[in-house]
Amino acid sequence: MHQVRHMLRSVSGKGNNQMKSMNITINGRQTTAHEGEMIIDMAKRIGIHIPHLCLDDRLERIGACRLCVVELAGSPKPVASCTTPVREGMVINTHSPRILEARRINMELLLASHDLNCVTCDANRKCKLQRYAEELMVRDLRFEGDRIIRPVDNSSVSIKRDNNKCVLCERCIRVCNDIQTVHAIGLAGRGFNTRIEPPFGQNMKESACVNCGQCVISCPTAALCEHSDIQNVINALNSGKYLIAQTAPSIRATLGECFEMQPGKAVTGKMVTALKQIGFRQVFDTDLGADITIIEEATEFIKRMKEKRSLPMITTCCPAWIKFGEQFFFDELHHMSSCRSPQAIIASLVRTYFAKKIRVKPEDIILVDIMPCTAKKFEIQRPEFMGEADFVLTTVELSKLLKQLDVDFIHLPDTEFDTPLGESTGAGVIFGRTGGVMEAALRTVADWSGIKDFTKLDFKPIHGMRTMKTADIDLKGTKVKVCVVHTLGEARKLMEEIRAGKSPYHFIEIMACYGGCVGGGGQPRGSSSVLEKRAHALNEADSHKKIRLSHKNPSALKIYKEYLGDFGGEKAHRLLHTKYSRREVL
């Protein structure tokens with residue numbers, strides 16, 4: 001069975017022009033298909049949309065939802081188009097009366113236990129179930145499933161789980177188990193009592209969940225969604241306190257999609273204007289925190305290289321990866337950099353350096369972090385960071401807040417970030433895509449090594465969407481072996497290699513989410529090609545920056561001079577670094 005499923009994995013079409021071609025007929029239209037291509041992929045390629053819920057190009061195909069069924073000439077039963085490969089001479093009908101009726105029945109079965117009063121489906125993530133039910137004109141249900149109202153799991157600070165909206169497509173399970181290898185959720189019960197939940201009767205907080213939110217991105221029905229802080233922020237906006245927002249690097253390349261703008265459209269200035277318009281006194285750029293992170297990480301890496309100690313060193317900007325490491329690989333966490341994430345660095349500086357500068361008591365400041373990531377909601381609750389940031393809004397949450405407050409986002413003028421925590425470099429911008437932290441750090445390490453033109457270094461091997469990328473970087477005769485991974489399944493492979501004493505690398509970047517922060521659990525949903533456009537927008541922003549090296553950021557240097565002292569010094573270490581904790585999982 002495993003071999004069969006392996007054969008039925010997604011065929012993307014890339015390179016298909018080298019494969020054997022075959023003639024098929026679809027909806028009365030003669031066309032050419034490629035050997036190994038699944039019917040649904042061939043149909044999509046020629047502009048025919050077949051409904052589907054359980055299909056995800058990164059997941060093994062199981063044909064669970066049965067909405068993608070099509071009719072084959074000579075076949076007594078409809079077949080799932082996502083798992084059926086094309087054959088020479090095949091005659092396919094994707095929308096015959098028989099198929100439309102089969103889809104209606106399958107849709108009614110999916111809805112039999114679904115909350116029919118569902119109002120939480122996310123317009124920015126576009127609920128397919130709602131759309132397909134309307135297209136199929138499913139209004140009266142002939143089947144009655146389990147109408148027991150199941151309790152909503154609000155235990156997690158990051159992710160809300162509502163099985164009343166679940167249609168058992170299993171995408172969340174397969175993302176969590178197969179791609180992230182966390183195994184925080186699975187199937188329980190039988191028949192109409194089948195449900196998706198953490199094992200052993202746990203809730204989400206008690207489970208192994210690392211808060212990455214990739215289940216949220218994969219869920220087509222809002223059975224899993226971010227634990228919202230929108231109302232808390234609305235209350236804060238009306239509190240009379242000094243409100244500050246910081247925005248992560250990737251937000252500028254994704255927020256526009258929530259307002260029907262093209263993927264990859266940078267909206268930095270509009271975003272700042274919108275936040276000012278709704279009541280934030282200051283809007284700071286988390287990219288400055290990224291630049292300071294690089295200064296500290298590069299200092300730490302050079303010291304480790306000289307001392308040949310605790311190599312490889314691993315980046316620690318991603319809170320989901322940190323929790324994953326604490327749960328499964330605590331014995332190897334001496335490899336992790338002790339540097340805080342950019343979010344936590346800005347939060348620390350707001351409560352100390354900036355509060356003192358404006359003569360406002362830290363407790364009279366409310367700091368709202370705009371992040372691409374549901375795990376950032378968890379990060380601000382860590383004991384090491386408690387009391388620094390008050391709330392986290394994801395990209396999707398921010399868009400909902402702006403719409404609720406009737407902000408005409410598309411027509412807003414541009415506004416610059418505020419000083420002194422708003423100036424950033426190109427190196428800070430690229431933190432938002434996979435490989436960006438590594439490249440930013442190596443730019444600084446290279447400059448400090450005497451390489452004054454970092455553009456002569458070949459960073460192309462760590463660009464792109466491959467989930468594991470490696471490169472050898474020559475720093476004036478010192479060969480630095482680096483590795484960049486995104487998704488926690490790839491992180492697990494690396495950590496097992498390190499645990500076995502077989503890692504050849506000096507420096508590793510790990511991001512939990514596919515694509516890095518541009519594919520975070522708090523972002524609008526996007527395909528691989530959309531994520532590539534977002535990453536390209538960040539690369540474009542980097543290329544247009546006058547300063548592209550983190551340690552050349554004038555504001556960062558001023559903060560060190562006035563407040564932090566030496567790079568990697570005692571005060572910098574106290575305010576900008578952290579520690580990790582062992583977490584037991586069942």
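Which residues do ring pairs link into a cluster? Ring pairs, meaning Phe, Tyr or Trp rings (for Trp the six-membered ring) with centres within 6.5 Å, join Phe324, Phe328 and Phe329 in this way. This is a predicted model, in which local features need pLDDT of at least 70 and side-chain atom pairs count only at pLDDT 80 or more, while totals for chains, interfaces and linings use all residues. Residues are numbered from 1 along each chain as its sequence is written, and side-chain values use heavy atoms, with hydrogens and water left out.

**Aromatic pairs**
- The count comes to eight aromatic pairs, and one of them, Phe259 with Phe409, is stacked at 4.5 Å centre to centre and 15 degrees between the planes, where stacked requires planes under 30 degrees apart.
- Phe259 counts as buried because its relative accessibility is 9%, and Phe409 counts as buried because its value is 1%, the cut-off being under 20% relative accessible area with a 1.4 Å probe and protein chains only.

**Charges over rings**
- The charged end of Lys323 sits over the ring of Phe378 at 5.6 Å from its centre, a relation that requires NZ of Lys or CZ of Arg within 6 Å of the ring centre and within 35 degrees of the ring normal.
- Lys571 lies over the face of Tyr563, 3.7 Å from the ring centre.

**Glu326**
- Glu326 belongs to helix 10, residues 319-328, helices being DSSP runs of H or I with at least four residues, numbered from the N terminus.
- Glu326 is buried because its relative accessibility is 0%, and, leaving aside residues up to four places away in sequence, Glu326 touches Leu333, Arg382, Tyr580, Ser581, Arg582 and Arg583, contact meaning heavy atoms within 4.5 Å.

Definitions and conventions: Helix = DSSP H or I, 4+ residues; strand = E, 2+ residues; numbered from the N terminus. Buried < 20%, exposed > 50% of the residue type's maximum accessible area, 1.4 Å probe, protein only. Phe/Tyr/Trp six-rings, centres within 6.5 Å; stacked < 30°, edge-to-face > 60°.
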